[in-house]
Amino acid sequence: MNVNVNKGYKAYKKGLICEPDSKHRKQYAENTVFEEEGGEICGAGLMHYCLNPLDTLDYYPLIDSNGNMSEFTEVEALEQPVTDDGKKYAARKLKIGVKLSLPAFIKASFNFLWEKCSIDEQDSRVTAASGYNSKLVASGNDSKLVASGNDSKLAASGYNSQLAASGDDSKLAASGDYSQLAASGYNSKLAASGNNSKLAASGYNSKLAASGNDSQLAASGYNSKLAASGNNSKLAASGYNSKLAASGNHSKLAASGNHSKLAASGYNSQLAASGNHSKLAASGNHSKLAASGYNSQLAASGDDSKLAASGNDSIAAGIGINNIAKASKGSWIVLAEWKYDKKKNTYIPVCVKSVQIDGEKIKEDTFYRLKNGEFVEV
């Protein structure tokens with residue numbers, strides 16, 4: 001894969017504001033060129049971006065402390081950029097492109113992973129099969145396998161392996177670290193157990209599973225299923241009726257298709273959905289859930305979680321300790337109040353209450369918590 005390092009993606013706070021710390025704040029604008037005086041790769045004087053859209057989530061949260069989704073744009077460095085890790089790039093002169101919607105961000109993430117997972121079939125290390133029902137197995141490091149026939153099976157246990165299958169009903173499995181898997185056929189199945197694996201599937205009904213930390217999974221087909229058990233995993237799905245599940249801590253899940261379902265059990269997880277009728281559930285503490293589509297349902301049982309529903313006719317329910325929630329006018333929030341019971345030596349629920357956002361007594365787009373049985377602004 002020949003990568004153009006001058007083009008990439010940049011993340012911001014709401015309003016296209018870059019604020020990496022309390023001492024630095026910069027306002028950006030779409031379709032505008034910005035210029036700095038230069039400096040160190042991680043210091044002032046340079047503007048930063050990532051080639052991989054999903055990597056921007058390592059520097060800006062998917063959902064911020066106010067329940068707002070971070071914003072993203074395409075960027076182009078107008079000089080030779082610098083990098084010290086091949087992940088984050090920086091330049092003194094940067095052109096900011098158009099702002100990306102969540103669906104566009106997910107699509108860009110998928111396209112990047114798909115291209116990165118592609119294999120040069122002319123490479124001498126490639127094992128290729130074009131027939132139906134082919135089986136390819138490689139146990140060595142740096143192996144590359146390609147199958148274009150239906151019902152193919154590919155397995156690689158070595159590090160840095162790459163597997164690509166374009167036929168229907170293909171199955172791909174890699175246990176080595178840094179593996180890359182891509183499948184474009186319907187009903188494909190992809191599994192990776194190594195850390196930092198990347199999985200991309202464009203066919204309908206695809207299944208992607210990763211157990212290693214820092215894995216990235218992206219699916220563009222309808223009814224796809226993505227599951228990650230490692231910490232710091234990123235899952236993105238653009239097709240309708242997709243299902244995303246993450247059990248590791250600090251995971252990020254994003255879905256743009258209607259009727260998507262997102263579930264996270266790890267601490268500090270972030271779930272964002274822009275499609276209508278989406279369902280988001282988080283059981284870990286300090287989770288953040290945001291949905292902008294109509295008729296969405298958000299539920300959190302972990303402590304100190306935040307729920308934000310900006311779509312119409314939605315429900316945001318936080319039943320954990322110190323949960324806060326906000327929603328659009330006409331939508332509902334549900335919160336629980338907990339008190340410490342000295343006799344039982346634990347927190348117990350003392351009140352669970354729901355209210356519809358009327359825009360007057362209960363304001364829209366405003367966080368509330370339950371205190372002494374009443375909704376109070378945070």
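Lys339 pairs with Glu337 in a salt bridge, their closest N and O atoms lying 3.6 Å apart; the term asks for a side-chain nitrogen of Lys or Arg within 4 Å of a carboxyl oxygen of Asp or Glu. The model is predicted, so to speak of local features a pLDDT of at least 70 is needed, side-chain atom pairs count only at pLDDT 80 or more, and totals for chains, interfaces and linings use all residues. Residues are numbered from 1 along each chain as its sequence is written, and side-chain values use heavy atoms, with hydrogens and water left out.

Back to that first pair. Glu337 counts as buried because its relative accessible area is 6%, while Lys339, at 40%, is partly exposed. Here buried means under 20% relative accessible area, exposed means over 50%, and partly exposed is whatever falls in between (1.4 Å probe, protein chains only).

By the salt-bridge rule the count comes to 10. One of them joins Glu71 to Lys99, with 3.5 Å between the closest N and O atoms. This pair ties together distant parts of the chain, 28 residues apart: Glu71 sits in strand β6 (residues 71–77) and Lys99 in strand β9 (residues 93–100). Strands (E, at least two residues) and helices (H or I, at least four) are DSSP runs, numbered from the N terminus. Glu71 has a relative accessibility of 14% and therefore counts as buried; Lys99, with 39%, is partly exposed.

Glu374 and Lys353 also meet through their side chains in a salt bridge, at 3.6 Å from N to O. Elsewhere, Asp58, Lys87 and Lys234 are joined in a network of salt bridges.

Lys252, in strand β24 (residues 252–255), is buried but has no salt bridge, and the nearest side chain of opposite charge is that of Asp58, 4.7 Å away. For charges, Lys and Arg count as positive and Asp and Glu as negative, with His and the chain ends not counted. Leaving out residues up to four places away in sequence, Lys252 touches Leu57, Leu62, Ser233, Lys234, Leu235 and Gln270, a contact being heavy atoms within 4.5 Å. Lys234, then, is a contact of Lys252 and also a member of the network with Asp58 and Lys87.

On the surface, Lys135, Lys153, Lys171, Lys189, Lys207, Lys225, Lys243, Lys261 and Lys279 gather in a patch of positive charge. Patches are built from residues with over 30% relative accessible area and no salt bridge, joining like charges within 9 Å and nonpolar side chains (Val, Leu, Ile, Met, Phe, Trp, Tyr) within 5 Å. The place of a charge is taken as NZ of Lys, CZ of Arg, CG of Asp or CD of Glu. Lys171, one of the patch lysines, lies in strand β15 (residues 171–174) and is partly exposed, with a relative accessibility of 35%.

There is a nonpolar patch too: Tyr186, Tyr204, Tyr222 and Tyr240 make up about 400 Å² of surface, with accessible areas taken from the Shrake-Rupley method with a 1.4 Å probe and, for residues, only the protein chains shown counting as cover. Tyr186 is placed in the loop between β16 (180–183) and β17 (189–192), and its 45% relative accessibility makes it partly exposed.

Ala200 belongs to strand β18 (residues 198–201) and, at 0% relative accessibility, is buried. Beyond its neighbours within four places in sequence, Ala200 contacts Phe110, Leu113, Trp114, Leu181, Ala182, Ala183, Leu190, Leu208 and Ala218.

Two loop residues have backbone angles worth a look. Most residues other than glycine have a negative phi. Asp214, not a glycine, has a positive phi of about 60°; it lies in the loop between β19 (207–210) and β20 (216–219) and is partly exposed at 35%. His277 likewise has a positive phi, near 60°. The loop that holds His277 runs between β26 (270–273) and β27 (279–282), and at 32% relative accessibility His277 is partly exposed.
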